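Here is a short note to read beside the model. Please keep the structure open and follow the points in order.

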Amino acid sequence: MARLPGACCVMLLAAVLLVAAAASAEDDMTGGEAAGIRQPSGGENYRRRKVGARTQVRDVEGDGEVQELGRFSVAEYNRRRTGSGGGGGRLEFARVVAAQRQVVSGLKYYLRVAAAEESEGAENGGGGERVFDAVVVVKPWLESRTLLRFAPAVEK
């Protein structure tokens, strides 16, 4: 009978340790202060964001990387079009007007690019500025950029 109280104490101690471990794990998963993880500003929106979801690029006009990717997408479109013998004028990059970024195996950019069609003669008078949707994947560790899609933008 003397062993029974000792066994109860061991079981009670084990239960207390399990409860403490579970509470600590819950704090780690929810970003509690006890875990040393601070919630970024805009906490409620941050919690609803899904891993791999698209995010808006802020200050698109001032983001040099995004503007360079827009310039790249127009140049790559022109190169592919010339290589395939496609007719029509070349595009001249103007600016990226909107962009979204998505983390994939690298970074995937969804760009809305403004470009003007170069006129082939004075009688054309130029086609004016048009808007195109481009999708570019960047893999910095491979130093690669790939244009996946470039097409006239669809009105929303």
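**Notes on the helix, the sheet and the aromatic rings**

1. Start at the beginning of helix α3, where a side-chain oxygen of Asp63 comes to within 3.1 Å of the backbone nitrogen of Glu65. Keep in mind that this is a predicted model.

2. Now follow the helix itself. α3 covers residues 64–83, 20 residues in total. From its first C-alpha to its last it reaches 28 Å. That is close to the 28 Å expected at 1.5 Å a residue.

3. Which residues of α3 are buried? They are Val66, Gln67, Leu69, Gly70, Phe72, Ser73, Val74, Glu76, Tyr77 and Asn78. Their cover includes strands β2 (91–104), β3 (106–117), β4 and β5.

4. Turn to the sheet. It is open and has 5 strands, in the order β1-β2-β3-β4-β5. The pairing is antiparallel. β1 (55–56) and β5 each have a single partner strand, so they stand at the edges and one side of each has no neighbour in the sheet.

5. β1 and β2 run antiparallel and are joined by 2 bridges. Gln56 has Gln100, in β2, as its bridge partner.

6. Stay with β2 and find Ala94, which lies in this strand.

7. Next, the rings. How many aromatic pairs does a search of the whole structure find? It finds 2. Phe132 and Phe150 form a stacked pair, 5.1 Å centre to centre, with 20 degrees between the planes. This pair links distant parts of the chain: Phe132 is in strand β4 (residues 129–139) and Phe150 is in strand β5 (residues 144–152), 18 residues apart.

8. Check how covered these two residues are. Phe132 counts as buried because its relative accessibility is 2%. Phe150 is buried too, with a relative accessible area of 15%. The cut-off for buried is under 20%.

9. One more ring deserves a look. The charged end of Arg54 sits over the ring of Tyr110, 3.4 Å from the ring centre.

Technical notes: Residues numbered from 1 in each chain as written. Predicted model: local features only at pLDDT ≥ 70, side-chain atom pairs only at ≥ 80, totals over all residues. Heavy atoms only, no water. Phe/Tyr/Trp six-rings, centres within 6.5 Å; stacked < 30°, edge-to-face > 60°. Helix = DSSP H or I, 4+ residues; strand = E, 2+ residues; numbered from the N terminus. Buried < 20%, exposed > 50% of the residue type's maximum accessible area, 1.4 Å probe, protein only. Lys NZ or Arg CZ within 6 Å of the ring centre and 35° of its normal. Expected span 1.5 Å × (residues − 1). Contact = heavy atoms within 4.5 Å. Polar contact = N/O pair within 3.5 Å; in protein donor to acceptor, adjacent residues only side chain to side chain. Pairing = 2+ DSSP bridges.
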